[in-house]
Amino acid sequence: MTRAINFGAGPSALPLSVLEEAAQGLLNFKGTGIGIAEISHRSAEFGDFLTNLENLIRTQLNVPPTHSILFTQGGGCGQFSATVLNLLARHRLLHPELADEERTLDYVITGSWSKKAAEEARRLGGAKVNVAVDARPYSKDAKSFDNIPPHNAYTFSPDPALIYYCENETVDGVQFSNEDGAPTSFPFELLPPNTLQPIVADYSSSFMSRPIPRLADHAVIYAGAQKNIGPAGLTILIVRQDCIVDVDAAAKLGAVPVPLTMSYKTLADAKSLYNTPSVFSIYIAGLVLQRMKDQGGMPHYEEVNKRKAEKLYAVIKEGEEKGVFQAKVKEGAGRSWMNVVFDVLGEGALSKFISGAEAKGLKALKGHRSVGGVRASLYNAISEDQADQLIAYMKEYLAASTV
Ligand code: PLP
């Protein structure tokens, strides 16, 4: 069987060895004689699997005991709402005397997803939305998401209920750098030195691709599984325990009521089994994370993911010098390791580039409809050799375009 190399942004590629193992699990999960899509989520075998999945995340990301790991559904968009509702409930319990218009939610807008998250917060009400920074005025054309703004651009509220950022903007290809890329990292140092800041990070498209800087300083980190670690349907949360609050007590004080399936306390109290979880997605995520651990965990993936992205940006740069390619995100200002977006210059060049790639089995490279161009997603399941095949094709394309 020939499999294409899938550079899609999500749902995205999964490792072949995991899919082969999962095919067996669909027939017979852990020797029970019952397939994974058929077994009770309350069975001992599934319970052990879920506990192990939590451990695989906790140990590989060094999640401290102050933070709970929860599993839910509803994806990133579900968390656009859930983070607001849970943290507004927390704020209400901390400051019952404040009126809604005296509460603020701070949003850092660096791309399409954080913009959507802020829109949902506005829609839900219960507080004012303060845009702590919008990256667009700092872009090449003053209207695109192509950068992480400089630290002097941010204005945070004095005591917000939530401070929100999206670590990796999947559509635009903008990512906050690791600590070593200090000028473009999330500006933790601009916040008052309170260890219980309500910082929320959307890690949907970069979760488990490299270590999470200052993980312990976050209130909530969340990610849908469907980029780096599994099929769609599973949403992973890392929640600091002071943010797991009694939402009904907050509602009695006037907070927006929180649906039980969205309440972090419901999830925590029920050990993520309040309602039927996405068992199959959890199963694949467990297999993927075990494989990651066996291969060397975060240090290994960080190194490989960095190298894949650097090589790809290098060939784009070669193409820029020859007027063939053009990176969309500014150099040195937060280029994503996960989603590399670029234009292919010239009349009809994009479709020629894409069809040439498809003929070589390099699939799903078309950019998001809102930004166009090419988007190569280099999630964990894309091996260095597969990334090299794309780079080799781009070099060929470049040579043919410049003769
Ligand atoms: N946040 C980011 C960064 C995403 O990439 C996506 C989806 O691609 C979402 C949120 C929305 O996630 P979902 O489709 O799982 O609701």
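At what angle do helix 1 and helix 7 pack, and how far apart are their axes? Helix 1 (residues 16–27) and helix 7 pack at an angle of about 140°, and their axes are 10 Å apart. Axes here are lines fitted to C-alpha atoms, for helices over the stretch in contact, and angles run from 0 to 180 degrees between N-to-C directions. Helices (H or I, at least four residues) and strands (E, at least two) are DSSP runs, numbered from the N terminus.

This is a predicted model: local features need pLDDT of at least 70, side-chain atom pairs count only at pLDDT 80 or more, and totals for chains, interfaces and linings use all residues. Residues are numbered from 1 along each chain as its sequence is written.

Back to the first pair. Helix 1 and helix 7 are therefore oblique to each other. Angles under 35 degrees count as roughly parallel, over 145 as roughly antiparallel, 65 to 115 as roughly perpendicular and the rest as oblique. The crossing of helix 1 with helix 7 is right-handed. A crossing is left-handed if the near helix is turned anticlockwise from the far one by less than a right angle, and right-handed if clockwise. From helix 1, Ser 17, Val 18, Glu 21, Ala 22 and Gly 25 meet Tyr 283, Ile 284, Leu 287, Val 288 and Arg 291 of helix 7. Two residues are in contact if their C-beta atoms, placed from the backbone, lie within 7 Å. This contact of helix 1 with helix 7 has six nonpolar, two polar and two charged residues. Ala, Val, Leu, Ile, Met, Phe, Trp, Tyr, Cys and Pro count as nonpolar, Asp, Glu, Lys and Arg as charged, and the others, Gly among them, as polar.

Helix 7 also packs with helix 2, at an angle of about 45° and with axes 9 Å apart. That makes helix 2 oblique to helix 7. Their crossing is left-handed. Residues of helix 2 in this contact include Phe 46, Phe 49 and Leu 53, and those of helix 7 include Ile 282, Tyr 283 and Leu 289. By class, the contact of helix 2 with helix 7 holds twelve nonpolar, four polar and one charged.

Two backbone details come next. The peptide bond from Gly 10 to Pro 11 is cis, with omega near -5°. Pro 11 sits in the loop between strand 1 (5–6) and helix 1. Lys 30, in the loop between helix 1 and helix 2, has a positive phi, near 50°. Most residues other than glycine have a negative phi, and most peptide bonds are trans.

Gly 10 is also one of the residues around the ligand. Others there include Trp 113, Cys 166, Asp 202 and Gly 224. A residue is near a molecule or strand if its C-beta atom, placed from the backbone, lies within 6 Å of it. Helix 3 (residues 75–94) gives the largest share of this shell, three residues. The shell has three nonpolar, seven polar and one charged.

Now the domains. The assignment gives domain 1 (25–293) and domain 2 (297–402). Such bounds come from an automatic or database domain assignment. The C-alpha centres of domain 1 and domain 2 lie 28 Å apart. Their contact takes 27 residues from domain 1 and 23 residues from domain 2. On the domain 1 side, helix 2 (44–61), strand 7 (174–175) and helix 7 (279–294) each supply at least two residues. That side has eight nonpolar, 13 polar and six charged residues.

One more helix pair remains. Helix 8 (residues 297–321) and helix 10 (residues 384–402) pack at about 5°, with axes 10 Å apart. That makes helix 8 roughly parallel to helix 10. Their contact divides into seven nonpolar, one polar and six charged residues.
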